[in-house]
Amino acid sequence: MWENFDTTKLKLFSCNSNPELAKAISDHTGIPLGRSKVVRFSDGEININIEESVRGADIYVVQSTSNPANEHIMEMLIMVDALKRASAKSINLVVPYYGYARQDRKARGRDPITAKLVANLIEKSGANRIICMELHAGQIQGFFDIPLDHLLSMPIIADYYINKGLKDVVVVSPDHGGVTRSRNLAQKLDCPIAIIDKRRPEPNVAEIMHIIGDIKGKTCILIDDIIDTAGTITLAATALKEQGARAVYAACTHPVLSGPAIKRLQESEIEELLVTDTIALPDEKKIDKIKVLSVAPLIGEAIIRIHERLSISKLFD
C-alpha cells in the first residue's frame, strides 16, 4: 500500500529500550533508522548524539519506558531535546509501553499521580505528539495537552486465536477491571466470558475468590493488558483448572514479567502465554511457553497514516 511513500522528510529514530521493535517498524514502513548514539559518561549521565541532519523533518522516536523505567524516560527526554535543538519540524514519540501507567490516580492520601508527572515531563521536553499501545488506564490520554494516538493490540491477539482454531472457548477476565477488555475479545471470537472475583490484600499479592461463569470443560483464555509478577494470572489459571477447565491459555499486551514471573509461569497451568513485543524480552525470559506477536506493522501503519493525515481508527475496523 505504501510502496511509493516519500520518506524524505520523515525520519525514524530509536533509543535503547527496544531497538528490535524500531528495526521491525523501519522494515515495515521502509523508513530508514536514523543514525544516533545513546552513550553514558563514567558517572552514569546520558549523552545523545544525532549523527545526521534532522532540520525540517518530521521525527518519530521509538522508546518504551520499561525497566529500567527511569533510565529509559531520561533517554527519551534527552533525545527530544537534542532533536528540538537540531531544528526538527515535529517530534513524535512512539511509546509502546508507557511506564508508571499504573500510578494514574490517588488511591490513598498523599499518593503521587506519577503517570501525569511523566506526561508533564514529555510535554515540557518539547514533544509534539505521542503514540501509545494499550494504556493501562484510558484516562491517561487526558493527562496530555498534545495529541495522543492510542493503539490497541486486541485485533492482533484476536486474529491469532481465530487462526489457532481453539474449540469451546471462554474468555476470562482475571478481575472486574478487565471485563471490557475480555468482552471485546470474546466478541471477536464469538464466545462467552467469565470473570474471576479476587481480592488483593497488598500490591503484587492476589487472592482468588471465585469464578463467575461457566468454564467447566472449556478452553479458557485469560486476557490482561499487563503481566508483571504473574501472581494474578497463574493463580487464576490454577482456579480455572480446579473448577474443571479443559485447558488454560493467557494473553497480554505488555510482558513486564518481573521478579518471580518466569518461574511462576513455568510451573503454572498455563499452556501458552501470548504477548506482544512492546517490551523487549531478554533471552532468559524467552521460555517455550511464551509466544511473541509483533506490533510493528500496526505502529508502522499508524506512523504513515499520521504523516499522511489519514484516519487512525481505520486500523481497528
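I take angles under 35 degrees as roughly parallel, over 145 as roughly antiparallel, 65 to 115 as roughly perpendicular and the rest as oblique. Axes are lines fitted to C-alpha atoms, for helices over the stretch in contact, and angles run from 0 to 180 degrees between N-to-C directions. Helices (H or I, at least four residues) and strands (E, at least two) are DSSP runs, numbered from the N terminus.

I note that this is a predicted model, in which local features need pLDDT of at least 70 and side-chain atom pairs count only at pLDDT 80 or more, while totals for chains, interfaces and linings use all residues. Residues are numbered from 1 along each chain as its sequence is written, and side-chain values use heavy atoms, with hydrogens and water left out.

**Entry 1: two helix pairs**

I looked up helix α4 (residues 154-164) against helix α5 (residues 179-189) and found them packed at an angle of about 45°, their axes 10 Å apart; α4 and α5 are therefore oblique to each other. Their crossing is right-handed, a term I use when the near helix is turned clockwise from the far one by less than a right angle, anticlockwise being left-handed. With contact taken as heavy atoms within 4.5 Å, M154, I157, A158, Y161 and I162 of α4 meet R181, N184, L185, K188 and L189 of α5. By class, the residues of this contact are seven nonpolar, one polar and two charged, where Ala, Val, Leu, Ile, Met, Phe, Trp, Tyr, Cys and Pro count as nonpolar, Asp, Glu, Lys and Arg as charged, and the others, Gly among them, as polar.

I then turned to helix α2 (residues 69-85) and helix α3 (residues 114-125), which pack at an angle of about 20° with their axes 9 Å apart. That makes α2 and α3 roughly parallel to each other, and their crossing is right-handed. On the α2 side I list I73, M76, L77, V80, D81 and K84, which meet V118, L121, I122 and S125 in α3; the contact of α2 with α3 has seven nonpolar, one polar and two charged residues.

In α3 I also checked T114, which counts as buried because its relative accessibility is 12%, buried meaning under 20% relative accessible area, exposed over 50% and partly exposed in between (1.4 Å probe, protein chains only). When neighbours within four places in sequence are left aside, T114 is in contact with Y100 and Q103.

**Entry 2: the parallel sheet**

I followed an open sheet of five strands in the order β1-β4-β5-β6-β7, with parallel pairing, where two strands pair if DSSP finds at least two bridges between them. Its edge strands are β1 (10-14) and β7 (148-151), each pairing on one side only, and neighbouring strands are turned by 20° against each other on average, direction ignored.

Strand β4 (residues 58-62) is joined to β5 by five bridges and runs parallel to β5, with Y60 standing opposite N92 in β5. Helix α1 (residues 19-29) packs on the sheet, touching β1 and β4, and its direction makes about 160° with that of β1. Strand β5 (residues 90-95) is in turn joined to β6 by four bridges, again in parallel, and V95 has C132 of β6 as its bridge partner. Of the five residues in β6 (residues 129-133), four are buried. I also note that helix α8 (residues 296-307) lies across β1, β4, β5, β6 and β7, running at about 155° to β6.

**Entry 3: backbone checks**

Most residues other than glycine have a negative phi, and most peptide bonds are trans. Against that background I recorded a cis peptide bond between N67 and P68, with omega about 0°; P68 sits in the loop between β4 and α2.

Which residues other than glycine did I find with a positive phi? A230 has a phi near 70° and L257 one of about 50°. A230 is in the loop between β11 (219-227) and α6 (231-242), and its relative accessibility of 4% makes it buried. L257 is in the loop between β12 and α7 (261-267), and at 1% relative accessibility L257 counts as buried.

**Entry 4: A247**

Finally I looked up A247 in strand β12 (residues 247-255), which is buried at 9% relative accessibility. Neighbours within four places in sequence left aside, A247 is in contact with K218, T219, C220, K241 and E271. The C-alpha atoms of A247 and E272, 25 residues apart along the chain, are separated by 9.8 Å.
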